[in-house]
Amino acid sequence: NKCLIEALDAILPCARPTQKPLLLPLQDPFKIGGIGTGPVGRVETGILMPGTIVVFAPANITTEAKTVEMHHAPLQLSVPGDNVGFNLKKMSLKELRLGYVAGHSKNNPTKVAPDFTAHVIVLHHPGQISGGYTPVLYWRTAHIACKFAEIKEKGDRRTGKSTEENPKSIKSGDAAIVNLVPSKPLCVESFQEFPPLGRFAVR
């Protein structure tokens with residue numbers, strides 16, 4: 001048997017999705033004296049380098065990432081998992097909002113989802129949830145009211161098997177496939193292709 005140190009040394013690093021398009025949700029925008037606007041975020045997929053032309057969705061604002069830093073040290077290449085700050089060319093702090101996602105302007109940047117289909121599990125709710133229910137959806141740093149436009153299917157949360165088509169309502173303990181309509185522009189991605197941008201919570 002291996003000792004703990006040997007077992008840890010034997011763990012192979014996981015493959016990072018560097019070949020996918022750049023997706024970087026903003027965690028916080030800052031104004032840095034003498035430098036300019038410098039948002040902070042985690043690279044989820046793709047790569048970010050100095051000189052990259054980025055576009056911020058859903059506002060569709062395009063600019064250049066002049067420099068990229070991590071822990072106050074300059075980077076020539078940032079990969080998925082890196083928490084970075086990057087300085088933007090000729091961009092005001094007022095133009096950035098929490099919930100924006102930076103992508104490469106020429107490589108399939110994320111787009112606004114006018115509506116989307118989601119698998120939800122109701123952990124706790126005091127009553128029943130039916131079509132038209134509009135709670136607040138928490139996606140990354142975005143908090144947006146989102147309407148349950150249609151409950152397509154109810155299922156068993158443990159087995160995943162469908163138990164009812166087009167139910168009138170769902171309650172605590174139920175799992176369901178629903179169609180959601182955000183009240184404001186929101187960027188979400190397919191969980192199968194981009195898991196970090198396909199998760200959310202509802203309250």
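Arg 203 lies over the face of Tyr 138, 5.3 Å from the ring centre. A charge is taken to sit over a ring when NZ of Lys or CZ of Arg is within 6 Å of the ring centre and within 35 degrees of the ring normal. Another such contact involves Lys 20, whose charged end is placed over the ring of Phe 194, at 5.2 Å from its centre.

The model is predicted, so local features need pLDDT of at least 70 and side-chain atom pairs count only at pLDDT 80 or more, while totals for chains, interfaces and linings use all residues. Residues are numbered from 1 along each chain as its sequence is written, and side-chain values use heavy atoms, with hydrogens and water left out.

Across the whole structure, the search returns 3 aromatic pairs (rings of Phe, Tyr and Trp, the last by its six-membered ring, with centres within 6.5 Å; planes under 30 degrees apart are stacked, over 60 edge-to-face, the rest tilted). One of them is the stacked pair of Phe 56 and Phe 86, with 6.5 Å between centres and 5° between planes. Phe 56 belongs to strand E5 (residues 53-57) and Phe 86 to strand E8 (residues 83-88), 30 residues apart; strands here are DSSP runs of at least two residues, numbered from the N terminus. Both Phe 56 and Phe 86 are buried (under 20% relative accessible area; exposed is over 50%, partly exposed in between, with a 1.4 Å probe and protein chains only).

Phe 116 is buried, at 11% relative accessible area, whereas Phe 200 is partly exposed, at 25%.

Notes:
Helices (H or I, at least four residues) and strands (E, at least two) are DSSP runs, numbered from the N terminus.
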